[in-house]
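Q: Hi! I have a new model open on my screen and would like to talk it through with you. Can we go over it piece by piece?

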Amino acid sequence: MAPSEDELRTLLTQADELPEGDGKDAALEQILRHAEAGGHSMLAFETRLDLVSAYAGGMQPSKLFVPFARCLADYDRNPAEYPEWVAWRLRWFFKFAVQGMVNFPEVSKDRALAALDQMERRYKSEGQSPNAVYAHRHRVSLHLGDLTAAEDWYGRWCTSPRDHNSDCEGCDPSQKVAYLAGLGRDGEAIEVATPVLAGELTCREQPQTILSELMLPYLRTGQWEQARNAHRRAYRILRNRPQDLATMGRHLEFCALSGNHARGLEILERHLPWLDRAPNPLAAMQFAGSAALLLRTVAEAGHADAMIRRPGHADRPATELTAGALLEEMRGHALAIAARFDQRNGTDRQTASVRELLDQKPVVDQLPLSISVRPGPVLDPPATVEVPKLPVLELVERLEAAQDAQALAAMGPLLRQLEDHDRGDPVLAGRIATLLSSHAANSGEYARSEALLRQAVELFTTAGESERRTIAVSRLGAKLCGRGDLSEGLTLLRAAYADLDRVASTNSRVWVVLRLISGLGDAVDNGHDAVSLEEIAVLLEQSRQIAAASDDPVLIGDIAYEQMEFEELRHRHGEALEAGARALAAYRASGPPLMRALVASRIAEVHAGRGDYDAGLVLVEEALAEASPEIPAGARAHLHRLRGQLLRQVDRDAEAVGELLAALTLSDEPDEAPATKWALAEAYRKTGQLIDAADAAEEAIAGLEERGDLHAATRCRFLLADLHRALREPEAALAIYDEIIEFHSGTSDHAALGYTLALTADFLDALDRDALAAEYYRRAAEAAELAEDPLRVSYTRYSAALSLHWSGANADALAALDPAERAIAALAATDPDPEVLHWHTARFEHTAARILCRAGRLDEAVARSATAAAHFRSIGEPTNAARVDLGHARILIDLDRPAEAVRLLDATLAEIAADDDSLRPALIEALAHARAQL
């Protein structure tokens, strides 16, 4: 069955809300086919108008000429048949047509010039400013290489009055900036752009286009920060817009001239596939020429052999090319297209412009694209100390002593000598494997560390070394528990503890017990049923007695440290802090710097858990002040990370940024880096560094996904979506919301799904994309029903109805009122907070009044309006009640009941504040209308 005209108009509204691209083009083309088949001539005309816009802004601008010519011919046959706005839209489309002809060398020059003449005649006959005509005559003259004419038309363009046919206040100056920058008039270019950037830019092409044109003027005038920010801000938007291929070429050019070869190659490899489907030949020429410039600078820097991946396309297989090989291909491609334009134009302008692009010299050696000043130094690693060659046994004994003393800095040069020694003796080989395991763990090589410990256990077992084997089993068990393998880890730890009598060394005996305590603590944290706190308490007392007998302050500190962890496990924070203080005092008296730092940071975390962030900061800052190069980078990173997190808690985000960056500089461990980058993104957001925040959030999400923490990655996406919204990147924000929705759709968390769908719908509503908002509200309601959340069901049901109303889908809006009313009734049955119920009931009734009014059911609309206003007034919302009264009064006027309208408006005006400029003028106007009707 063929769709009706009303159904097609609803589809047209929905298609208009789609982002530009193949999907929108296909939807509009299908609507046009149905409209033509059904004989809906006006609908077909309007659809062709929408297709011209979609083709011009999407990936198929070559298709705009046919529907534009048809619309122009239809309109000119009988202009009076069409609404006034059609004339303006057709004038605007002349700009698309002229620019489209410039973009395609297949279109003859005479045809392009004739279109310009036709455009000028139409503007003149309809009494319009010639401003837009002059702008396009300038662009065509510049394209043809007539620089004198281009400058003349530029002057006329700048001095003629702007009107509603002119490009927006961002796009118009963007073209001027491009022209001035191309002539090297960088100061003038920046001057033209400055007031534009200070204002509000809402066009879909801005601010990315004007910022892209400003990158090189900023770079050439030494305005480094502005150049850097222009590139980063614009690229974030452009990276998802293949129709902006030419503008993306500007960013390759910028990377080439600012010494950012790695960044440029990353961008080139990511967007090279766009070239296979360039929106037009001019864009392909500009992108390929800029790519060739980048590759030339890369080759000149000695990296001509750098490999670049290029996916397959059509008959071309996927491959990897060297920078040098791709340079020749891109140069040849750009020059070949330029030759086609020059042949069409009868000039050499385009070939000359490509050669000028290719011959440019770098402006600076390298402009860093991200600068963040971190207060305080990051300690350099300790200087390498040359140690004379030692016999293997002495070497191993020295390393074991250094390990026991946590003197990690001293171990490096000694460990390097192990590679030269024979390991035929299994005991010696086991001791070496144990040492190398510790070193691997300190270097973040956890898998290798575990493998070496397993090797040590086997070697000691073979040699019959029961004491060393017991200690190695204990170490392996602790390592397994630490990474979550509690089953094998606890088995090994208990086996080692059972063999405790075989261990002679007091230090080693204590650590066999402490490792078991630590593993049991991990098990309690993970809800392991076979572990009790009483068992841990008994073991702690046993280890305390062993340590006390040794009178070793370090061992006593070790026990106090574990006591602190145990008290935290029991949520006895005061006792935990007391034990931590004892441990810290013992380590400060006679202990390795690493343990002082670790204990101080752990006590700080306990303080933070109690909300005492200032006390935690004092401890961490003391630990950082005492930090020495011999403390491993990972431990120092932990201190900086913790200080950054604590600073964020006390609203010192600017300082937190520096600490979190220091942590990342020192250690980029996959287990820690994503959370650090997430915290960094939050700190950047608080300090207004939104681009940095978005970059950090994206890296955090990638890291969280890589380690399999998909729930955390999804939570971080909410931050990234907020940042996209703050950066006025709505399409990117919507894409992130859709990723969150897709994740929750694959889980049973209906509440989270309903929340995200409603949040997305609210955003779509704010963007006036009403048809799409209605669909998301509907899906949110269904998810909320599964989550048994009557409050969200109510909100999303009446919001869906209202969005359908705004989208023009009147029948669907009416149909949506019934489920919305049932949802309100279900909410009332749950006995919610009365204010909440009144608020949502008022909003539903107001929505119903609007929809019924449009449907011509005015008596019902009056009753609904009165109910809505009463509910708003019952919760002290006079402004919202007045807004309802205004619509109520207008309906009464339409019903020829002006006396009632006058009484209602008089009462409303007496109620609202005298300085309420938002409603008072409209209420007074409606009152005057009602009195005139009387």
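This is a predicted model: local features need pLDDT of at least 70, side-chain atom pairs count only at pLDDT 80 or more; totals for chains, interfaces and linings use all residues.

Q: Let me zoom out. How many helices and strands does the chain have?
A: There are 44 helices and two strands in the chain.

Q: What does the C-alpha trace span along its principal axes?
A: About 105 × 75 × 55 Å.

Q: How much of the chain is made up of buried residues?
A: Of the 934 residues in the chain, 51% are buried. As for contacts between residues at least 6 apart in sequence, 61% of them join residues at least 24 apart.

Q: Now helix packing. What angle do H23 and H24 make?
A: H23 (residues 486-498) and H24 (residues 506-525) pack at about 150°, and their axes are 9 Å apart. The cut-off for roughly antiparallel is an angle over 145 degrees, so H23 is roughly antiparallel to H24. H23 passes H24 in a left-handed crossing.

Q: Which residues make that contact between H23 and H24?
A: From H23, the contact uses Leu486, Leu490, Leu493, Arg494, Ala496 and Tyr497. H24 brings Val512, Val513, Arg515, Leu516, Gly519, Leu520, Asp522 and Ala523. By class, the contact of H23 with H24 has 10 nonpolar residues, one polar and three charged.

Q: How does H22 cross H24?
A: The axes of H22 (residues 466-482) and H24 come within 9 Å and cross at roughly 20°. That makes H22 roughly parallel to H24, and their crossing is left-handed.

Q: Who makes the contact there?
A: On H22 it is Ile471, Ser474, Arg475, Ala478, Cys481 and Gly482. On H24 it is Ser508, Trp511, Val512, Arg515, Gly519 and Asp522. By class, the contact of H22 with H24 has five nonpolar, four polar and three charged residues.

Q: What about H26, how many of its residues are buried?
A: H26 is mostly covered, with 12 of its 17 residues buried. Among them are Leu555, Ile559, Tyr561, Met564 and Phe566, and also the charged side chains Asp558, Glu562, Glu567 and Glu568.

Q: What do those buried residues of H26 pack against?
A: They pack against H24, H25 (533-550), H27 (573-590) and H28 (593-609).

Q: What does H26 reach from its first C-alpha to its last?
A: H26, residues 553-569, reaches 24 Å, close to the 24 Å expected at 1.5 Å a residue. H26 is followed by His571, which has a positive phi near 60°.

Q: Let me jump to H7. How far apart are its end C-alpha atoms?
A: They are 20 Å apart, which agrees with the 20 Å that the 14 residues of H7 (131-144) should span at 1.5 Å a residue. Since 13 of those 14 residues are buried, H7 is largely enclosed by the rest of the structure. Just after H7, Gly145 takes a positive phi of about 90°.

Q: Which residues does Asn345 touch, not counting those up to four places away in sequence?
A: Asn345 touches Lys109, His143 and Leu144. The place of Asn345 is in helix H16 (residues 323-345), and Asn345 counts as buried at 2% relative accessibility.

Q: Last topic: where does Arg728 lie?
A: Arg728 lies in the loop between H34 (710-726) and H35 (730-745). Its phi is near 60°, a positive value in a residue other than glycine. At 46% relative accessibility, Arg728 counts as partly exposed.

Q: And where is Glu788?
A: Glu788 lies in the loop between H37 (770-786) and H38 (790-807). Glu788 has a positive phi of about 55° although it is not a glycine. Glu788 is exposed, with a relative accessible area of 70%.

Technical notes:
Residues are numbered from 1 along each chain as its sequence is written. Side-chain values use heavy atoms; hydrogens and water are left out. Axes are lines fitted to C-alpha atoms, for helices over the stretch in contact, and angles run from 0 to 180 degrees between N-to-C directions. Helices (H or I, at least four residues) and strands (E, at least two) are DSSP runs, numbered from the N terminus. Angles under 35 degrees count as roughly parallel, over 145 as roughly antiparallel, 65 to 115 as roughly perpendicular and the rest as oblique. A crossing is left-handed if the near helix is turned anticlockwise from the far one by less than a right angle, and right-handed if clockwise. Contact means heavy atoms within 4.5 Å. Buried means under 20% relative accessible area, exposed over 50%, partly exposed in between (1.4 Å probe, protein chains only). The expected span of a helix is 1.5 Å times one less than its number of residues.
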